[in-house]
Amino acid sequence: MDASGNSLPSAASDGVKRKVCYFYDPEVGNYYYGQGHPMKPHRIRMTHALLAHYGLLQHMQVHKPFPARDKDLCRFHADDYVSFLRSITPETQQDHLRQLKRFNVGEDCPVFDGLYSYCQTYAGGSVGGAVKLNHDSCDIAVNWAGGLHHAKKCEASGFCYVNDIVLAILELLKQHERVLYVDIDIHHGDGVEEAFYTTDRVMTVSFHKFGDYFPGTGDVRDIGYGKGKYYALNVPLDDGIDDESYHFLFKPLVGKVMEVFKPGAVVLQCGADSLSGDRLGCFNLSIKGHAECVRYMRSFNVPLLLVGGGGYTIRNVARCWCYETGVALGIEVDDKMPQHEYYEYFGPDYTLHVAPSNMENKNSHHLLEEVRSKLLENLSKLQHAPSVQFQERPPDYDLGEADEDHDDGDERWDPDSDMDIDVERELRPGKVKKEVVEPQLNDLEDQRSSGEQLRGSDTAVAETCLKALDICSQQVDEDNVKAEQNIVTDSARETDLKC
């Protein structure tokens, strides 16, 4: 047994190189949800610093994401919700209490400086990754700032405002008949499942804690509806699941899904709150156990988009996503951590891997067998991969004109670029508040409880998204994207992109 507390093989052991595109905005780590809030975008900056000092950036194409525009977000989200996100500020929120309640913005999903820019940035990275995959510019695209899987068409939920995953899948559907979504966050991927609950073009598979736990959805009996029946797969788990138990389910189930669904592309949400020792989590996965999911999905050699998600012990989040970037590249990174600007976060061992705890695994083998058998039975009812009659392919999401702030998509990382490590910079007043305090390491009570809601509008949301899936018959502006287009008003938004 190795130092990580498990006997899994090296997660990058196949050694086969893949062409990887990596999306990162140096400003993303400056966004701040507020004092005491467990979601800390600073973890993205810590991850990036590790990638730089481990020398992984030089093996990838590094891109600064172009911010998603209003009309891009409205391919899934309601335009009045997008307009609200664009206009609300900490100074004006008290004048909009009714809208705050309507859109579920307040406690779990607070208003903070630069909120809309933050949404544009993380959504732009995921959709940009989908575009790169559609153009065969890479085999794997990575956006650790994305993965905010709880956001709904008309409301924020579970620290998530815009559902970048749904937007990325809609982009992938322009090129691929079928897209598979796999979610290894400890929380059920409810927002993505709801969006595609009645279609057979997207299959959603979620491994999550179930039972008196946010968001309360994801029962094994939730299987999809109408054309989407059996195209939603939910794997409910209990506290303390370890690597061996997790992969007793993950590999046979996902392997069968790949066999019968035959996706043209895969989106893997790599929420790191399923790791052992997470502030809000209760699983017991090692980093290698978590990364084994990435390695397994990579082994199918299907276009793969990796996004982040939950993860609230931020030093372990950075460890995990750094290691998983190495897995994507087929590079095994050293356990000994290099010196870097956040080195002190990782004491006293200063290693990449941490041992799981000795917590009780409440997932009995008998229970796991029952779940696996039930879900394999459901998968047996998928006779063959569904076919889709294609119409004229719609224009791609516009990534904007290349400029000095955006890397050339055909060039590798420039070692002289300031993208390697995030240097201190003077921020524009009023845009973002920089978080400079190291997060407390004490466990906090899960602050999501106040936002818990069961699925009550699946059908409505899914029907709306199915209209978006018919995007082949819609047209998209191909104007060159300029910075000022990020603040397009509702009146200028094109009606044919509304959900």
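Thr-204 touches Tyr-181, Val-192, Glu-193, Tyr-231, Ala-232 and Leu-233, once residues up to four places away in sequence are set aside. The model here is a predicted one, and in it Thr-204 sits in strand S5, which covers residues 202-209. With a relative accessible area of 5%, Thr-204 falls under the 20% cut-off, so this residue counts as buried.

Turning to the helices, H5 spans residues 115-134, which gives it 20 residues. From its first C-alpha to its last, H5 reaches 29 Å, close to the 28 Å expected at 1.5 Å a residue. Burial is a feature of this helix too: 19 of the 20 residues of H5 are buried, so the rest of the structure largely encloses it. After H5 comes Asp-136, whose phi is positive, near 60°.

H5 also packs against H6 (residues 164-172), with axes that come within 8 Å and cross at roughly 20°. Because angles under 35 degrees count as roughly parallel, H5 and H6 are put down as roughly parallel to each other. As for handedness, H5 passes H6 in a right-handed crossing. On the H5 side, the contact is made by Tyr-122, Ala-123, Ser-126, Val-127, Ala-130, Val-131, Leu-133 and Asn-134. H6 brings Asp-164, Leu-167, Ala-168, Glu-171 and Leu-172 to the contact. Sorted by class, the residues where H5 meets H6 come out as nine nonpolar, two polar and two charged.

H8 makes the contact through Ser-245, Phe-248, Leu-249, Pro-252, Leu-253, Lys-256, Val-257 and Val-260. Facing them from H11 are His-365, Leu-368, Glu-369, Val-371, Arg-372, Leu-375, Leu-376 and Leu-379. The class count for the contact of H8 with H11 is eleven nonpolar, two polar and three charged residues.

Gln-93 is found in the loop between helix H3 (79-87) and helix H4 (97-102). Leaving out neighbours within four places in sequence, Gln-93 is in contact with Ile-88, Leu-100 and Val-111.

Technical notes
Residues numbered from 1 in each chain as written. Predicted model: local features only at pLDDT ≥ 70, side-chain atom pairs only at ≥ 80, totals over all residues. Heavy atoms only, no water. Contact = heavy atoms within 4.5 Å. Helix = DSSP H or I, 4+ residues; strand = E, 2+ residues; numbered from the N terminus. Nonpolar A, V, L, I, M, F, W, Y, C, P; charged D, E, K, R; others polar. Expected span 1.5 Å × (residues − 1). Buried < 20%, exposed > 50% of the residue type's maximum accessible area, 1.4 Å probe, protein only. Axes fitted to C-alpha atoms, helices over the stretch in contact; angles between N-to-C directions. Parallel < 35°, antiparallel > 145°, perpendicular 65-115°, else oblique. Left-handed = near helix turned anticlockwise from the far one by under 90°.
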